[in-house]
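This briefing covers charged side chains, salt bridges and helix packing. Please look through the structure first, then read the points by topic.

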Amino acid sequence: MRTSQYLLATIKESPADAEIISHKLMIRAGMVRKLASGLYNWLPLGLRVLNNITKIVREEMNKSGAMEVSMPIVQHAELWHETGRWDQMGPELLRFKDRHNRDFCLGPNHEEVITDLVRNEYASYKQLPATFYQIQTKFRDERRPRFGVMRAREFIMKDAYSFHDSEACLKGTYERMHRTYCSIFDRLDLNYRSVIADSGNIGGSTSHEFHVLANSGEDDIVFSSEGDYAASIDLATGGLAFENQIEKENTPKEVDTGNATSVQEIADILEIQTRKIVKTLIVHAEDEGGNVTDGLVAFFLRGDQELNVIKAQNIAGVFSPLKFASDELIRNKINSHVGYLGPVKLSIRKIADYSVKDLCNFTCGANKPGKHLTNMNWSKACSYDEIVDIRRVQQKDISPKKNGSLLIKKGIEVGHIFQLGHKYSQALNATVLDENGKAVQMLMGCYGIGVTRLVAACIEQNHDEKGIIWPENIAPFQLLIIEIDAHKSTQVTECSNSIYKRYSKLGVDILLDDRDKKTSPGVKFADSELIGIPHRLVISPRSLENGAVEYTCRNGRKKQQINIKEIEIFLNDLLLAC
């Protein structure tokens, strides 16, 4: 491709609304252009990268034995009513009516559609397992689209769904899909982690997220400094970095703490460490139907620890999403106040975190305004009903496998796999006949990759102050040839055209910067650094006089002069060796 015939739409300045580096560089490099909030046009340069990533995803999915299908982005409401998600989904589900006043939506995912397809096409357990996938546009009406294509309303996703007649079959496909995802991200040269995750609204018993490590990530992921332990911050477990010490029990004492209510304020007044304090949090309970009630549940944590909301709301009997009790409700129900709460003579359900289990001589609220109790120990009067892991792990905690300490890094979620079980097959009555001729509901798995998000994630990990540094297997072009002062020397044009034609015929993707003298060498060099093509040849009258061309690798290696007589050998080794 020649730049004289190509939309190379680079710009110098970043857009004002661009917050992260990938958004800035994708705009500046001319990869995308914003149409409306969360909606983007993909320009030629960006589309080449997107297609390269799509190709890798498709190749690895095909290797896994999955079958590619294509399902409509427009979905009718009847299927969503069958699963109950029409009413469960929030405003991110874009609903509309057609000319016949029938309800439809733009699909944010395709669990209902694929289950309907399979229930109509599959009849026997002998046809299972079966895995289907598509690479297709999705739409979620995000309340706050941001970070460019990282969190857009319209995006491309690879979603796959598997169907099984047994748990063992589902687990086998799930493990194979996990390996497939690792192969995809390995081929993309990404530094990533697979972490145990919460299934969220999708449902199911088991799930893993795949996160690309990047400072701009929105999620905290946890992994061990040694071994293979990794989990999302919502599900991570570990031992305390500072364990509780066994002490001789002291005499309890009620002390005046005035208006101090926070853990840090209490610690400062009493001149103790925050980890010697038990803090009490009060939340709403739920009834058997999962509805919120005015019943209360108390959580106890060590003062230097934070509540993990996901862990807490997953406890049976605790309302989800977690809802903290108001001060007024606490006064009416247990005659106490926020800021002075404690476990002493507390007559509601009491759940303690492991961090307070062996804590000695601790300080807690006295359930009286302005009062706290010191030198408290667990007893009949100061007690809990159950011990549950409800804390958010911290940096340097002990790995649950006891081999190393926990590290917490920012991650960009680019993939998520689930064991869905019967959630959708039961709702949609998707059955096959088993070996005894009995109808059984199929088990399902679900596997997603954010394809457009992967483009941004790759940039977040591969850039410098000058621009993008593409890994070779997804770069828009493999080689960039820059002509300098071609108007002064026909040799420059002849040499660049000769290389361009020869290696284009051999299947090498080449961008030839043949812009005329109105485009300065400085602009050409700046554009080459910005768009990040891995290999660059500069051909100029001066270099040709010396019988050489200049080669630069975008990943930071030094420039080198290549003898023109040896250029074919050099390029063959560089571009055709694979």
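Buried here means under 20% relative accessible area, exposed means over 50%, and partly exposed lies in between. The model is predicted.

**Helix α13 and Lys524**

- Helix α13 covers residues 521-531, and Lys524 sits in it.
- Gly532 follows α13 and has a positive phi, near 80 degrees.
- A salt bridge needs a side-chain nitrogen of Lys or Arg within 4 Å of a carboxyl oxygen of Asp or Glu.
- Neighbours within four places in sequence aside, Lys524 contacts Ile482, Glu483, Asp513, Arg515 and Thr519.

- Side chains of opposite charge can pair when their charged atoms come close.
- The count of salt bridges in the model is 36.
- Arg392 pairs with Asp220, with the closest N and O atoms 2.7 Å apart. Arg392 is in strand β21 (residues 391-392) and Asp220 is in strand β11 (residues 219-224), so the bridge ties together parts 172 residues apart in sequence.
- Arg392 is partly exposed, at 30% relative accessibility. Asp220 is buried, at 18% relative accessible area.
- Lys276 and Glu247 form a salt bridge at 2.8 Å, N to O. Lys276 is in the loop between α7 (263-270) and β14 (278-286), and Glu247 is in the loop between β12 (230-232) and β13 (253-256). The two residues are 29 residues apart, and their pair links distant parts of the chain.
- Lys276 is buried, with a relative accessible area of 19%. Glu247 is partly exposed, at 34% relative accessibility.
- Glu306 bridges to Lys279, with 3.7 Å between the closest N and O atoms. Glu306 lies in strand β16 (residues 306-307) and Lys279 in strand β14, so this pair joins parts 27 residues apart in sequence.
- Glu306 is partly exposed, with a relative accessible area of 47%. Lys279 is buried, with a relative accessible area of 16%.

**A salt-bridge network**

- Which residues are linked in a network of salt bridges? They are Lys55, Glu59, Glu60, Lys63 and Arg187.

**Packing of α2 against α11**

- Two packed helices are described by the angle between their axes and the distance between the axes.
- Helix α2 (residues 44-63) packs against helix α11 (residues 451-461) at an angle of about 110 degrees. The two axes are 9 Å apart.
- Angles of 65 to 115 degrees count as roughly perpendicular. The helices α2 and α11 are therefore roughly perpendicular to each other.
- The crossing of α2 past α11 is right-handed.
- Val49, Leu50, Ile53 and Thr54 are the α2 residues that meet α11. Their partners in α11 are Val451, Thr452, Leu454 and Val455.

Terms used
Residues are numbered from 1 along each chain as its sequence is written. This is a predicted model: local features need pLDDT of at least 70, side-chain atom pairs count only at pLDDT 80 or more; totals for chains, interfaces and linings use all residues. Side-chain values use heavy atoms; hydrogens and water are left out. Helices (H or I, at least four residues) and strands (E, at least two) are DSSP runs, numbered from the N terminus. Contact means heavy atoms within 4.5 Å. Buried means under 20% relative accessible area, exposed over 50%, partly exposed in between (1.4 Å probe, protein chains only). Axes are lines fitted to C-alpha atoms, for helices over the stretch in contact, and angles run from 0 to 180 degrees between N-to-C directions. Angles under 35 degrees count as roughly parallel, over 145 as roughly antiparallel, 65 to 115 as roughly perpendicular and the rest as oblique. A crossing is left-handed if the near helix is turned anticlockwise from the far one by less than a right angle, and right-handed if clockwise.
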